[in-house]
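This report describes a structural model, its annotated domain, the contact between its chains and some local backbone features. The sequence and structure come first.

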There are 2 protein chains.
Amino acid sequence: MSPDALEAALRAIGAERYHSLHPFHQLLHSGELTRGQVQAWALNRYYYQASIPTKDAMLMARLPSAAQRREWRRRIEDHDGDGDTPGGIERWLKLAEGVGLDRALVESAGGILPETRFAVDAYVHFVRDRTLLEAIASSLTELFAPAIIAERVSGMLKHYDFITRETLAYFTPRLTQAPQDSAWALAYVRSEAVTLEKQAAVLAALRFKCDVLWSQLDGLYYAYVAPGFVPPGAFVPDAA
Amino acid sequence: MSPDALEAALRAIGAERYHSLHPFHQLLHSGELTRGQVQAWALNRYYYQASIPTKDAMLMARLPSAAQRREWRRRIEDHDGDGDTPGGIERWLKLAEGVGLDRALVESAGGILPETRFAVDAYVHFVRDRTLLEAIASSLTELFAPAIIAERVSGMLKHYDFITRETLAYFTPRLTQAPQDSAWALAYVRSEAVTLEKQAAVLAALRFKCDVLWSQLDGLYYAYVAPGFVPPGAFVPDAA
(Lines give C-alpha, C1' and ligand atoms only; values in the text may rest on other atoms or scores of the structure.)
Protein backbone atom coordinates (compact mmCIF):
# COMPACT_ATOMS: atom_id res chain seq x y z
CA MET A 1 0.00 0.00 0.00
CA SER A 2 1.22 3.49 -0.78
CA PRO A 3 1.07 6.11 2.01
CA ASP A 4 -1.98 7.60 0.29
CA ALA A 5 -3.71 4.23 0.13
CA LEU A 6 -2.93 3.64 3.80
CA GLU A 7 -4.36 7.02 4.73
CA ALA A 8 -7.49 6.27 2.70
CA ALA A 9 -7.87 2.95 4.54
CA LEU A 10 -7.49 4.73 7.88
CA ARG A 11 -10.12 7.29 6.95
CA ALA A 12 -12.45 4.50 5.81
CA ILE A 13 -12.24 2.97 9.30
CA GLY A 14 -13.36 6.27 10.77
CA ALA A 15 -16.24 6.49 8.32
CA GLU A 16 -17.46 3.08 9.47
CA ARG A 17 -16.58 2.93 13.14
CA TYR A 18 -16.07 6.36 14.70
CA HIS A 19 -18.40 6.97 17.64
CA SER A 20 -20.11 9.88 15.88
CA LEU A 21 -22.20 7.07 14.33
CA HIS A 22 -23.31 5.74 17.72
CA PRO A 23 -26.97 6.23 18.65
CA PHE A 24 -25.98 7.74 22.02
CA HIS A 25 -24.13 10.53 20.25
CA GLN A 26 -27.14 11.11 18.03
CA LEU A 27 -29.38 11.43 21.08
CA LEU A 28 -26.88 13.68 22.85
CA HIS A 29 -26.50 16.26 20.12
CA SER A 30 -30.12 16.22 19.03
CA GLY A 31 -31.38 17.17 22.47
CA GLU A 32 -33.15 13.92 23.28
CA LEU A 33 -31.41 13.19 26.57
CA THR A 34 -32.49 14.22 30.04
CA ARG A 35 -30.18 16.22 32.25
CA GLY A 36 -29.49 13.04 34.26
CA GLN A 37 -28.42 11.21 31.11
CA VAL A 38 -26.12 14.07 30.13
CA GLN A 39 -24.68 13.91 33.66
CA ALA A 40 -23.97 10.20 33.23
CA TRP A 41 -22.15 10.98 29.98
CA ALA A 42 -20.08 13.77 31.56
CA LEU A 43 -19.23 11.65 34.61
CA ASN A 44 -18.09 8.64 32.63
CA ARG A 45 -16.28 10.59 29.97
CA TYR A 46 -14.22 12.30 32.68
CA TYR A 47 -12.49 9.00 33.37
CA TYR A 48 -11.41 8.90 29.73
CA GLN A 49 -10.21 12.52 29.79
CA ALA A 50 -8.31 12.01 33.02
CA SER A 51 -6.55 8.91 31.67
CA ILE A 52 -5.29 10.51 28.46
CA PRO A 53 -2.15 12.10 29.98
CA THR A 54 -1.25 8.73 31.57
CA LYS A 55 -1.52 7.15 28.15
CA ASP A 56 0.48 9.95 26.56
CA ALA A 57 3.21 9.79 29.19
CA MET A 58 3.62 6.08 28.52
CA LEU A 59 3.92 6.77 24.84
CA MET A 60 6.28 9.72 25.31
CA ALA A 61 8.58 7.59 27.47
CA ARG A 62 9.24 5.45 24.40
CA LEU A 63 9.88 8.24 21.88
CA PRO A 64 13.60 8.32 21.11
CA SER A 65 14.24 11.98 20.23
CA ALA A 66 13.74 15.22 22.12
CA ALA A 67 11.88 16.70 19.13
CA GLN A 68 9.41 13.83 19.10
CA ARG A 69 8.97 13.98 22.86
CA ARG A 70 8.32 17.75 22.73
CA GLU A 71 5.61 17.12 20.15
CA TRP A 72 4.00 14.55 22.38
CA ARG A 73 4.53 16.60 25.56
CA ARG A 74 2.29 19.27 24.10
CA ARG A 75 -0.62 16.80 24.25
CA ILE A 76 0.00 16.29 27.95
CA GLU A 77 0.15 20.05 28.55
CA ASP A 78 -3.09 20.42 26.63
CA HIS A 79 -4.77 18.08 29.10
CA ASP A 80 -2.98 18.91 32.34
CA GLY A 81 -2.66 22.68 31.82
CA ASP A 82 0.34 24.80 32.71
CA GLY A 83 -0.79 26.03 36.12
CA ASP A 84 -2.28 29.23 34.66
CA THR A 85 -4.39 28.25 31.67
CA PRO A 86 -6.65 25.36 32.66
CA GLY A 87 -6.07 22.17 30.70
CA GLY A 88 -8.58 19.76 29.24
CA ILE A 89 -9.12 17.86 32.48
CA GLU A 90 -9.97 21.04 34.38
CA ARG A 91 -12.23 22.16 31.55
CA TRP A 92 -14.02 18.83 31.63
CA LEU A 93 -14.57 19.25 35.37
CA LYS A 94 -16.18 22.62 34.58
CA LEU A 95 -18.38 20.90 32.05
CA ALA A 96 -19.38 18.30 34.63
CA GLU A 97 -20.11 20.99 37.22
CA GLY A 98 -22.00 22.92 34.58
CA VAL A 99 -24.43 20.03 34.11
CA GLY A 100 -24.92 19.79 37.86
CA LEU A 101 -22.44 17.16 39.04
CA ASP A 102 -20.43 17.37 42.22
CA ARG A 103 -16.77 18.00 41.39
CA ALA A 104 -15.46 15.64 44.06
CA LEU A 105 -17.64 12.81 42.78
CA VAL A 106 -16.37 13.31 39.25
CA GLU A 107 -12.72 13.50 40.29
CA SER A 108 -13.07 10.33 42.35
CA ALA A 109 -14.42 8.46 39.28
CA GLY A 110 -16.99 7.07 41.71
CA GLY A 111 -20.02 5.57 40.06
CA ILE A 112 -18.55 5.22 36.59
CA LEU A 113 -19.67 2.20 34.57
CA PRO A 114 -17.49 -0.91 34.45
CA GLU A 115 -17.63 -0.56 30.64
CA THR A 116 -16.00 2.86 30.92
CA ARG A 117 -13.24 1.64 33.20
CA PHE A 118 -12.47 -1.47 31.17
CA ALA A 119 -12.45 0.36 27.83
CA VAL A 120 -10.28 3.24 29.04
CA ASP A 121 -7.88 0.94 30.87
CA ALA A 122 -7.66 -1.21 27.73
CA TYR A 123 -6.52 1.88 25.85
CA VAL A 124 -3.84 2.74 28.41
CA HIS A 125 -2.62 -0.86 28.41
CA PHE A 126 -2.60 -1.00 24.62
CA VAL A 127 -0.34 2.03 24.42
CA ARG A 128 1.90 0.60 27.12
CA ASP A 129 2.19 -2.90 25.65
CA ARG A 130 2.10 -2.56 21.86
CA THR A 131 4.69 -1.20 19.47
CA LEU A 132 5.33 2.53 19.31
CA LEU A 133 3.86 2.57 15.81
CA GLU A 134 0.62 0.94 16.98
CA ALA A 135 0.48 3.26 19.99
CA ILE A 136 0.77 6.33 17.77
CA ALA A 137 -1.71 4.93 15.25
CA SER A 138 -4.27 4.43 18.02
CA SER A 139 -4.34 8.21 18.51
CA LEU A 140 -5.60 8.75 14.97
CA THR A 141 -9.24 8.93 15.97
CA GLU A 142 -8.34 12.60 16.40
CA LEU A 143 -8.56 12.81 12.61
CA PHE A 144 -12.31 12.50 13.00
CA ALA A 145 -12.75 14.66 16.12
CA PRO A 146 -13.40 18.14 14.71
CA ALA A 147 -16.58 17.04 12.91
CA ILE A 148 -18.07 15.34 16.00
CA ILE A 149 -17.13 18.30 18.21
CA ALA A 150 -18.81 20.80 15.89
CA GLU A 151 -21.95 18.66 15.77
CA ARG A 152 -21.96 18.10 19.53
CA VAL A 153 -21.40 21.71 20.57
CA SER A 154 -23.92 23.29 18.21
CA GLY A 155 -26.51 20.59 18.93
CA MET A 156 -26.13 20.74 22.70
CA LEU A 157 -26.26 24.53 22.83
CA LYS A 158 -29.36 24.57 20.69
CA HIS A 159 -31.32 21.85 22.47
CA TYR A 160 -30.50 21.94 26.19
CA ASP A 161 -31.41 24.94 28.32
CA PHE A 162 -29.03 23.72 31.07
CA ILE A 163 -26.00 23.90 28.73
CA THR A 164 -24.13 27.16 28.16
CA ARG A 165 -21.28 28.07 25.86
CA GLU A 166 -19.10 28.36 28.96
CA THR A 167 -19.99 24.81 30.04
CA LEU A 168 -18.80 23.52 26.67
CA ALA A 169 -15.55 25.51 26.73
CA TYR A 170 -13.73 22.18 26.90
CA PHE A 171 -14.27 21.68 23.21
CA THR A 172 -13.09 25.02 21.78
CA PRO A 173 -9.31 24.40 22.05
CA ARG A 174 -9.83 20.83 20.89
CA LEU A 175 -10.84 22.14 17.48
CA THR A 176 -7.28 23.34 16.89
CA GLN A 177 -5.40 20.82 19.09
CA ALA A 178 -6.85 17.69 17.52
CA PRO A 179 -5.88 18.56 13.93
CA GLN A 180 -2.38 19.54 15.03
CA ASP A 181 -2.01 16.27 16.94
CA SER A 182 -3.40 14.10 14.20
CA ALA A 183 -1.40 15.75 11.42
CA TRP A 184 1.83 14.80 13.20
CA ALA A 185 0.68 11.28 14.03
CA LEU A 186 -0.61 10.69 10.51
CA ALA A 187 2.69 11.83 8.97
CA TYR A 188 4.56 9.49 11.36
CA VAL A 189 2.35 6.54 10.46
CA ARG A 190 2.55 7.28 6.73
CA SER A 191 6.33 7.30 6.83
CA GLU A 192 6.90 4.40 9.29
CA ALA A 193 4.30 1.85 8.23
CA VAL A 194 6.19 0.71 5.17
CA THR A 195 5.47 -3.02 5.18
CA LEU A 196 2.16 -4.81 4.77
CA GLU A 197 2.52 -6.22 8.26
CA LYS A 198 3.04 -2.78 9.79
CA GLN A 199 0.17 -1.34 7.76
CA ALA A 200 -2.12 -4.12 8.99
CA ALA A 201 -1.04 -3.39 12.57
CA VAL A 202 -1.75 0.32 12.12
CA LEU A 203 -5.23 -0.34 10.75
CA ALA A 204 -5.97 -2.76 13.58
CA ALA A 205 -4.79 -0.18 16.13
CA LEU A 206 -7.23 2.40 14.80
CA ARG A 207 -10.06 -0.15 14.79
CA PHE A 208 -9.19 -0.99 18.39
CA LYS A 209 -9.34 2.68 19.37
CA CYS A 210 -12.69 3.12 17.65
CA ASP A 211 -13.90 0.17 19.76
CA VAL A 212 -12.66 1.93 22.91
CA LEU A 213 -14.77 5.00 22.13
CA TRP A 214 -17.78 3.05 20.83
CA SER A 215 -17.88 0.75 23.83
CA GLN A 216 -18.09 3.70 26.21
CA LEU A 217 -21.24 4.91 24.46
CA ASP A 218 -22.63 1.36 24.42
CA GLY A 219 -22.31 1.30 28.20
CA LEU A 220 -24.03 4.67 28.57
CA TYR A 221 -26.85 3.74 26.21
CA TYR A 222 -27.42 0.41 27.89
CA ALA A 223 -27.42 1.77 31.44
CA TYR A 224 -29.13 5.12 30.98
CA VAL A 225 -31.25 5.02 27.80
CA ALA A 226 -32.52 1.57 26.91
CA PRO A 227 -33.19 -0.77 28.51
CA GLY A 228 -31.81 1.43 31.28
CA PHE A 229 -30.34 -1.14 33.65
CA VAL A 230 -27.83 0.71 35.79
CA PRO A 231 -25.18 -1.80 36.93
CA PRO A 232 -24.79 -2.29 40.68
CA GLY A 233 -22.77 0.54 42.19
CA ALA A 234 -22.98 2.90 39.23
CA PHE A 235 -24.23 6.50 39.21
CA VAL A 236 -28.00 6.91 39.46
CA PRO A 237 -29.28 10.32 38.29
CA ASP A 238 -31.73 12.12 40.54
CA ALA A 239 -35.27 11.65 39.34
CA ALA A 240 -36.13 15.14 38.08
CA MET B 1 -13.47 -7.90 60.89
CA SER B 2 -13.35 -11.52 61.95
CA PRO B 3 -12.89 -14.16 59.22
CA ASP B 4 -16.60 -14.98 59.54
CA ALA B 5 -17.58 -11.32 59.13
CA LEU B 6 -15.29 -11.04 56.11
CA GLU B 7 -16.88 -14.12 54.56
CA ALA B 8 -20.34 -12.70 55.20
CA ALA B 9 -19.33 -9.43 53.51
CA LEU B 10 -17.99 -11.38 50.51
CA ARG B 11 -21.23 -13.35 50.23
CA ALA B 12 -23.23 -10.12 50.46
CA ILE B 13 -21.37 -8.80 47.40
CA GLY B 14 -22.44 -11.87 45.47
CA ALA B 15 -26.03 -11.42 46.59
CA GLU B 16 -26.01 -7.90 45.21
CA ARG B 17 -23.74 -8.07 42.16
CA TYR B 18 -23.35 -11.59 40.80
CA HIS B 19 -24.40 -11.84 37.17
CA SER B 20 -27.17 -14.30 37.98
CA LEU B 21 -29.12 -11.08 38.70
CA HIS B 22 -28.52 -9.69 35.21
CA PRO B 23 -31.53 -9.49 32.88
CA PHE B 24 -29.62 -11.29 30.12
CA HIS B 25 -29.19 -14.31 32.36
CA GLN B 26 -32.88 -14.22 33.21
CA LEU B 27 -33.76 -14.21 29.49
CA LEU B 28 -31.25 -16.98 28.76
CA HIS B 29 -32.49 -19.47 31.31
CA SER B 30 -36.17 -18.68 30.90
CA GLY B 31 -36.12 -19.49 27.17
CA GLU B 32 -36.77 -16.00 25.89
CA LEU B 33 -33.75 -15.74 23.58
CA THR B 34 -33.56 -16.69 19.93
CA ARG B 35 -31.00 -19.18 18.72
CA GLY B 36 -28.97 -16.28 17.29
CA GLN B 37 -28.90 -14.56 20.68
CA VAL B 38 -27.77 -17.78 22.37
CA GLN B 39 -25.07 -18.06 19.70
CA ALA B 40 -23.87 -14.55 20.53
CA TRP B 41 -23.68 -15.54 24.19
CA ALA B 42 -21.73 -18.73 23.44
CA LEU B 43 -19.36 -16.94 21.07
CA ASN B 44 -18.52 -14.14 23.46
CA ARG B 45 -18.33 -16.30 26.54
CA TYR B 46 -15.75 -18.48 24.78
CA TYR B 47 -13.28 -15.62 24.98
CA TYR B 48 -13.73 -15.59 28.75
CA GLN B 49 -13.33 -19.37 29.00
CA ALA B 50 -10.24 -19.36 26.81
CA SER B 51 -8.59 -16.62 28.87
CA ILE B 52 -9.03 -18.31 32.25
CA PRO B 53 -5.92 -20.54 32.03
CA THR B 54 -3.83 -17.48 31.08
CA LYS B 55 -5.12 -15.74 34.16
CA ASP B 56 -4.50 -18.82 36.31
CA ALA B 57 -0.97 -19.30 34.97
CA MET B 58 -0.15 -15.71 35.88
CA LEU B 59 -1.46 -16.31 39.37
CA MET B 60 0.27 -19.66 39.74
CA ALA B 61 3.60 -18.13 38.78
CA ARG B 62 3.40 -16.05 41.94
CA LEU B 63 2.44 -18.79 44.38
CA PRO B 64 5.46 -19.60 46.54
CA SER B 65 4.97 -23.26 47.46
CA ALA B 66 4.65 -26.42 45.39
CA ALA B 67 1.52 -27.38 47.34
CA GLN B 68 -0.15 -24.07 46.52
CA ARG B 69 0.90 -24.30 42.87
CA ARG B 70 -0.48 -27.85 42.61
CA GLU B 71 -3.81 -26.60 43.93
CA TRP B 72 -3.88 -23.85 41.32
CA ARG B 73 -2.56 -26.08 38.53
CA ARG B 74 -5.67 -28.22 38.87
CA ARG B 75 -7.70 -25.23 37.71
CA ILE B 76 -5.60 -24.99 34.56
CA GLU B 77 -5.96 -28.74 33.92
CA ASP B 78 -9.70 -28.38 34.38
CA HIS B 79 -9.78 -25.87 31.56
CA ASP B 80 -7.06 -27.15 29.25
CA GLY B 81 -7.70 -30.88 29.69
CA ASP B 82 -5.08 -33.61 29.98
CA GLY B 83 -4.97 -34.69 26.34
CA ASP B 84 -7.51 -37.49 26.95
CA THR B 85 -10.38 -35.99 28.90
CA PRO B 86 -11.47 -32.76 27.24
CA GLY B 87 -11.10 -29.65 29.39
CA GLY B 88 -13.48 -26.77 29.85
CA ILE B 89 -12.31 -24.93 26.74
CA GLU B 90 -12.95 -27.96 24.53
CA ARG B 91 -16.31 -28.51 26.20
CA TRP B 92 -17.24 -24.88 25.56
CA LEU B 93 -16.36 -25.34 21.88
CA LYS B 94 -18.76 -28.30 21.83
CA LEU B 95 -21.41 -26.07 23.35
CA ALA B 96 -20.77 -23.42 20.70
CA GLU B 97 -20.93 -26.01 17.92
CA GLY B 98 -24.06 -27.45 19.50
CA VAL B 99 -25.85 -24.13 19.13
CA GLY B 100 -24.76 -23.93 15.49
CA LEU B 101 -21.56 -21.89 15.50
CA ASP B 102 -18.54 -22.62 13.37
CA ARG B 103 -15.71 -23.92 15.54
CA ALA B 104 -13.02 -21.95 13.70
CA LEU B 105 -14.94 -18.70 14.13
CA VAL B 106 -15.29 -19.32 17.86
CA GLU B 107 -11.64 -20.26 18.32
CA SER B 108 -10.52 -17.14 16.46
CA ALA B 109 -12.57 -14.92 18.80
CA GLY B 110 -13.64 -13.15 15.62
CA GLY B 111 -16.73 -11.04 16.00
CA ILE B 112 -16.71 -10.84 19.79
CA LEU B 113 -17.93 -7.60 21.31
CA PRO B 114 -15.41 -4.97 22.42
CA GLU B 115 -17.10 -5.13 25.83
CA THR B 116 -16.20 -8.81 26.10
CA ARG B 117 -12.59 -8.25 25.13
CA PHE B 118 -12.09 -5.27 27.42
CA ALA B 119 -13.74 -6.93 30.42
CA VAL B 120 -11.88 -10.22 30.06
CA ASP B 121 -8.55 -8.51 29.42
CA ALA B 122 -9.17 -6.31 32.46
CA TYR B 123 -9.49 -9.49 34.52
CA VAL B 124 -6.24 -10.96 33.19
CA HIS B 125 -4.43 -7.67 33.84
CA PHE B 126 -5.90 -7.39 37.32
CA VAL B 127 -4.54 -10.81 38.26
CA ARG B 128 -1.17 -9.94 36.73
CA ASP B 129 -0.81 -6.51 38.34
CA ARG B 130 -2.47 -6.67 41.77
CA THR B 131 -1.33 -8.42 44.93
CA LEU B 132 -1.56 -12.20 45.17
CA LEU B 133 -4.26 -11.80 47.81
CA GLU B 134 -6.39 -9.64 45.51
CA ALA B 135 -5.78 -12.00 42.60
CA ILE B 136 -6.98 -14.97 44.64
CA ALA B 137 -9.94 -13.01 46.02
CA SER B 138 -11.06 -12.12 42.49
CA SER B 139 -11.65 -15.83 41.86
CA LEU B 140 -14.28 -15.99 44.59
CA THR B 141 -17.20 -15.50 42.22
CA GLU B 142 -16.94 -19.28 42.03
CA LEU B 143 -18.67 -19.30 45.42
CA PHE B 144 -21.82 -18.28 43.59
CA ALA B 145 -21.39 -20.43 40.47
CA PRO B 146 -23.22 -23.66 41.36
CA ALA B 147 -26.56 -21.89 41.80
CA ILE B 148 -26.37 -20.07 38.46
CA ILE B 149 -25.22 -23.23 36.66
CA ALA B 150 -28.12 -25.25 38.03
CA GLU B 151 -30.57 -22.54 36.98
CA ARG B 152 -28.99 -22.14 33.55
CA VAL B 153 -28.78 -25.84 32.67
CA SER B 154 -32.28 -26.77 33.77
CA GLY B 155 -33.79 -23.66 32.21
CA MET B 156 -32.00 -24.03 28.89
CA LEU B 157 -32.80 -27.74 28.56
CA LYS B 158 -36.44 -27.09 29.31
CA HIS B 159 -36.96 -24.12 27.01
CA TYR B 160 -34.77 -24.49 23.91
CA ASP B 161 -35.34 -27.34 21.48
CA PHE B 162 -31.89 -26.71 19.94
CA ILE B 163 -30.14 -27.40 23.27
CA THR B 164 -29.31 -30.94 24.39
CA ARG B 165 -27.83 -32.30 27.59
CA GLU B 166 -24.70 -33.14 25.59
CA THR B 167 -24.39 -29.51 24.41
CA LEU B 168 -24.41 -28.35 28.02
CA ALA B 169 -21.86 -30.95 29.16
CA TYR B 170 -19.50 -28.04 29.86
CA PHE B 171 -21.34 -27.30 33.05
CA THR B 172 -21.48 -30.74 34.69
CA PRO B 173 -17.88 -30.90 35.96
CA ARG B 174 -18.09 -27.24 36.98
CA LEU B 175 -20.61 -28.19 39.65
CA THR B 176 -17.88 -30.05 41.54
CA GLN B 177 -14.84 -28.04 40.37
CA ALA B 178 -16.14 -24.62 41.38
CA PRO B 179 -16.88 -25.51 45.03
CA GLN B 180 -13.47 -27.21 45.37
CA ASP B 181 -11.75 -24.14 43.89
CA SER B 182 -13.65 -21.63 45.93
CA ALA B 183 -13.28 -23.53 49.21
CA TRP B 184 -9.50 -23.29 48.90
CA ALA B 185 -9.52 -19.64 47.82
CA LEU B 186 -11.94 -18.69 50.58
CA ALA B 187 -9.80 -20.38 53.23
CA TYR B 188 -6.74 -18.54 51.88
CA VAL B 189 -8.50 -15.18 51.95
CA ARG B 190 -9.93 -15.79 55.44
CA SER B 191 -6.49 -16.56 56.83
CA GLU B 192 -4.45 -13.93 54.91
CA ALA B 193 -6.72 -10.86 54.96
CA VAL B 194 -6.01 -10.00 58.56
CA THR B 195 -5.92 -6.19 58.43
CA LEU B 196 -8.70 -3.79 57.56
CA GLU B 197 -6.72 -2.62 54.55
CA LYS B 198 -6.34 -6.15 53.22
CA GLN B 199 -9.97 -6.91 53.90
CA ALA B 200 -11.02 -3.81 51.97
CA ALA B 201 -8.77 -4.87 49.08
CA VAL B 202 -10.31 -8.35 49.08
CA LEU B 203 -13.85 -6.97 48.98
CA ALA B 204 -12.93 -4.57 46.19
CA ALA B 205 -11.36 -7.43 44.20
CA LEU B 206 -14.58 -9.43 44.37
CA ARG B 207 -16.62 -6.38 43.36
CA PHE B 208 -14.27 -5.87 40.43
CA LYS B 209 -14.72 -9.47 39.32
CA CYS B 210 -18.50 -9.18 39.56
CA ASP B 211 -18.19 -6.14 37.27
CA VAL B 212 -16.18 -8.23 34.80
CA LEU B 213 -18.97 -10.80 34.56
CA TRP B 214 -21.80 -8.24 34.64
CA SER B 215 -20.26 -6.08 31.94
CA GLN B 216 -20.09 -9.03 29.54
CA LEU B 217 -23.85 -9.53 29.87
CA ASP B 218 -24.42 -5.77 29.50
CA GLY B 219 -22.63 -5.94 26.17
CA LEU B 220 -24.70 -8.92 25.01
CA TYR B 221 -27.97 -7.36 26.10
CA TYR B 222 -27.18 -4.05 24.46
CA ALA B 223 -26.05 -5.53 21.15
CA TYR B 224 -28.41 -8.47 20.78
CA VAL B 225 -31.55 -7.82 22.87
CA ALA B 226 -32.36 -4.16 23.31
CA PRO B 227 -31.87 -1.80 21.69
CA GLY B 228 -29.99 -4.34 19.58
CA PHE B 229 -27.22 -2.21 18.11
CA VAL B 230 -24.48 -4.59 17.06
CA PRO B 231 -21.16 -2.69 17.16
CA PRO B 232 -19.23 -2.44 13.87
CA GLY B 233 -17.38 -5.67 13.16
CA ALA B 234 -19.20 -7.82 15.72
CA PHE B 235 -21.04 -11.10 15.09
CA VAL B 236 -24.40 -10.78 13.37
CA PRO B 237 -26.66 -13.82 13.79
CA ASP B 238 -28.33 -15.21 10.68
CA ALA B 239 -31.90 -14.04 10.41
CA ALA B 240 -33.87 -17.22 11.10
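## Domain, chain contact and local geometry

The unreviewed UniProt entry annotates residues 8-218 of chain A as "domain: Thiaminase-2/PQQC"; UniProt positions are given in the numbering used here, feature names are shortened, and annotations may be inferred rather than shown by experiment. The model is predicted: local features need pLDDT of at least 70, side-chain atom pairs count only at pLDDT 80 or more, and totals for chains, interfaces and linings use all residues. Residues are numbered from 1 along each chain as its sequence is written, chains are lettered from A and ligands numbered from 1 in the order in which they are written, and side-chain values use heavy atoms, with hydrogens and water left out.

Over residues 8-218, chain A is 74% helix and 0% strand, with its end C-alpha atoms 27 Å apart. Helices (H or I, at least four residues) and strands (E, at least two) are DSSP runs, numbered from the N terminus.

The same surface serves both copies, since 100% of the contact residues of chain B recur in chain A. Contact here means heavy atoms within 4.5 Å, and 26 residues from chain B and 26 residues from chain A take part.

Between them, chain B and chain A bury about 2200 Å², with 67% of it on carbon and sulfur atoms. Buried area is the accessible area (1.4 Å probe) that two parts lose on being put together, summed over both. Phe118(B), Tyr222(B) and Pro232(B) supply 31% of the area that chain B buries against chain A, more than any other three residues. Helix H1 (3-17), helix H7 (114-129) and helix H11 (196-224) of chain B each supply at least two residues of the side that touches chain A.

How many salt bridges are there between chain B and chain A? The count is 0, whereas the count over all chains is 36. A salt bridge is a side-chain nitrogen of Lys or Arg within 4 Å of a carboxyl oxygen of Asp or Glu. One of them joins the side chains of Glu77(A) and Arg73(A) (3.4 Å, N to O). Both residues lie in helix H4 (residues 66-80) of chain A, 4 residues apart, about one turn of the helix.

| Site | Feature | Value |
|---|---|---|
| Ala226(A) to Pro227(A) | cis peptide bond | omega near 0° |
| Ala226(B) to Pro227(B) | cis peptide bond | omega about -5° |
| Ala109(A) | positive phi, not glycine | phi near 60° |

Pro227(A) is in the segment after helix H11 (196-224) of chain A, and Pro227(B) is in the segment after H11 of chain B. Ala109(A) lies in the loop between helix H6 (103-108) and helix H7 (114-129) of chain A.
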